Amino acid sequence: MDLQSFVSILISGVALGVLYALMAFGLAIVWTTLGIFNFAHGAFIAVGAYLAWQFGSAAGLGLGYLPGAGLAVAAMFLLGVATQFVLVRPFERQKDIVLLTVITTLAGATILTNLLNVVWGPRMKQIEPAAGGELSFGLVHLRSQEAIMVVVVGATLAALAWFLLRTATGRSMRAVAQNREAAQLMGLDVHRLYALTFGLAAAVAGLAGIFIASIRFMSPNMGDDPLQKAIVVVILGGVARFTYSIYAAFVVGMIEAFSTYYVGLYWTPAVLFGLMILVLIVKPEGLFGRRQRSV
């Protein structure tokens, strides 16, 4: 491998890691806060892409890339709140809430995917990139759209981290994640915070779908593969903290980039899932989690 190839693989790994971090954040924050797994997350990615295409493309409302993306993210936040209210909230006090929400979110994902087929049809579409061309700095060659993605996603994750760590609402969400009963005794509105969590997760998923659809073709089932990658990222990172999934996303991105170079595109998923199984066996709390003693 020459230096140019090595640099190209590193850049590809960083771009994939940024995208996977955005995809996995929504899964991680819902799991950390509510203690459930949202199988509609992949459908959220697809819906966000189609809404941005409808709002922004010339074949839709023709508002342009930035207004279309902004409206799509806002609409996805509302969709996330509605999903939590309809599919999760009725079962919050049930003993087997994890199993029930697996069923309800799977059903929600199926409904959303079929609605995309009905409204926009099965033919593949693509969102026009915000910028064309390529950026070159010595050995570094990166498409302009990917550079924009890295900057926007990095800023988004930094803003979300600031929100969760520094604001009163963010600290309230973390308090609910640590102990729901204690948070309720302190007067926190748990239902509102759960809805906000789902809304944020859906908005971030929609943003990920917009970037995916601007560098690849999109279809109603386009969220299936990102959902699988997000699951791998969350499991590898561990679910104790939402930041662990961000670290794991870059690990997965680098592994995928180098695996694609050495073993090919079709064997790369086997490498990732093999690594996930190995981590579950050896370190089930995740690469960045800490083992806790039980009594």
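Is Thr33 buried or exposed? At 8% relative accessibility, Thr33 counts as buried (under 20% relative accessible area, with exposed meaning over 50% and partly exposed in between; 1.4 Å probe, protein chains only). The model is predicted, so local features need pLDDT of at least 70 and side-chain atom pairs count only at pLDDT 80 or more, while totals for chains, interfaces and linings use all residues. Residues are numbered from 1 along each chain as its sequence is written, and side-chain values use heavy atoms, with hydrogens and water left out.

Thr33 lies in helix H1, residues 3-34. Helices (H or I, at least four residues) and strands (E, at least two) are DSSP runs, numbered from the N terminus. Neighbours within four places in sequence are left aside here; beyond them, Thr33 is in contact (heavy atoms within 4.5 Å) with Met173, Val176, Ala177, Tyr194 and Thr197.

Two further residues of H1 were examined. Ile9 is placed in helix H1. Ile9 is buried, at a relative accessible area of 7%. Ile9 and Leu165 are 156 residues apart in sequence, and their C-alpha atoms lie 33 Å apart. Phe6 also lies in helix H1. Phe6 is partly exposed, with a relative accessible area of 35%. From Phe6 to Arg174 the separation is 168 residues in sequence and 40 Å in space, C-alpha to C-alpha.

Helix packing was then considered. Two packed helices are described by the angle between their axes and the distance between the axes. Axes are lines fitted to C-alpha atoms, for helices over the stretch in contact, and angles run from 0 to 180 degrees between N-to-C directions.

The axes of H1 and H8 come within 9 Å and cross at roughly 165°. That makes H1 roughly antiparallel to H8. Angles over 145 degrees count as roughly antiparallel, under 35 as roughly parallel, 65 to 115 as roughly perpendicular and the rest as oblique. The crossing of H1 and H8 is left-handed. A crossing is left-handed if the near helix is turned anticlockwise from the far one by less than a right angle, and right-handed if clockwise. On the H1 side, the contact is made by Leu19, Leu22, Met23, Phe25, Gly26, Ile29, Val30, Thr33 and Leu34. H8 contributes Tyr194, Thr197, Phe198, Ala201, Val204, Leu207, Ala208, Phe211 and Ile212. By class, the contact of H1 with H8 has 15 nonpolar, three polar and no charged residues. Ala, Val, Leu, Ile, Met, Phe, Trp, Tyr, Cys and Pro count as nonpolar, Asp, Glu, Lys and Arg as charged, and the others, Gly among them, as polar.

Helix H8 (residues 190-215) also packs against helix H2 (residues 41-56). Their angle is about 60°, and their axes are 7 Å apart. H2 and H8 are therefore oblique to each other. Their crossing is right-handed. H2 supplies His41, Phe44, Ile45, Gly48, Ala49 and Ala52 to this contact. The H8 residues are Ala201, Ala202, Ala205, Gly206, Gly209, Ile210, Ile212 and Ala213. The contact of H2 with H8 has ten nonpolar, four polar and no charged residues.

H2 packs with helix H3 (residues 65-88) at an angle of about 140°, with their axes 8 Å apart. That makes H2 oblique to H3. The crossing of H2 and H3 is right-handed. Residues of H2 in the contact are Phe44, Val47, Gly48, Leu51, Ala52, Phe55 and Gly56. Those of H3 are Gly68, Ala69, Leu71, Ala72, Ala75, Met76, Leu79, Gly80 and Thr83. The classes are eleven nonpolar, five polar and no charged residues.

Gly121 sits in the loop between helix H4 (97-120) and strand E1 (134-137). Gly121 is buried, with a relative accessible area of 15%. Leaving aside neighbours within four places in sequence, Gly121 is in contact with Tyr50, Leu116 and Pro220. Gly121 and Ser219 are 98 residues apart in sequence and 8.6 Å apart in space, C-alpha to C-alpha.

Tyr247 is found in helix H10, residues 242-262. At 45% relative accessibility, Tyr247 counts as partly exposed. Tyr247 and Gly17 are 230 residues apart in sequence, with 8.7 Å between their C-alpha atoms.

The unreviewed UniProt entry places the feature "transmembrane region" at several spans, including residues 97-120 and 193-218. UniProt positions are given in the numbering used here, feature names are shortened, and annotations may be inferred rather than shown by experiment. The end C-alpha atoms of residues 97-120 lie 34 Å apart, and this span is 100% helix and 0% strand. For residues 193-218, the end C-alpha atoms lie 32 Å apart, and the span is 88% helix and 0% strand.
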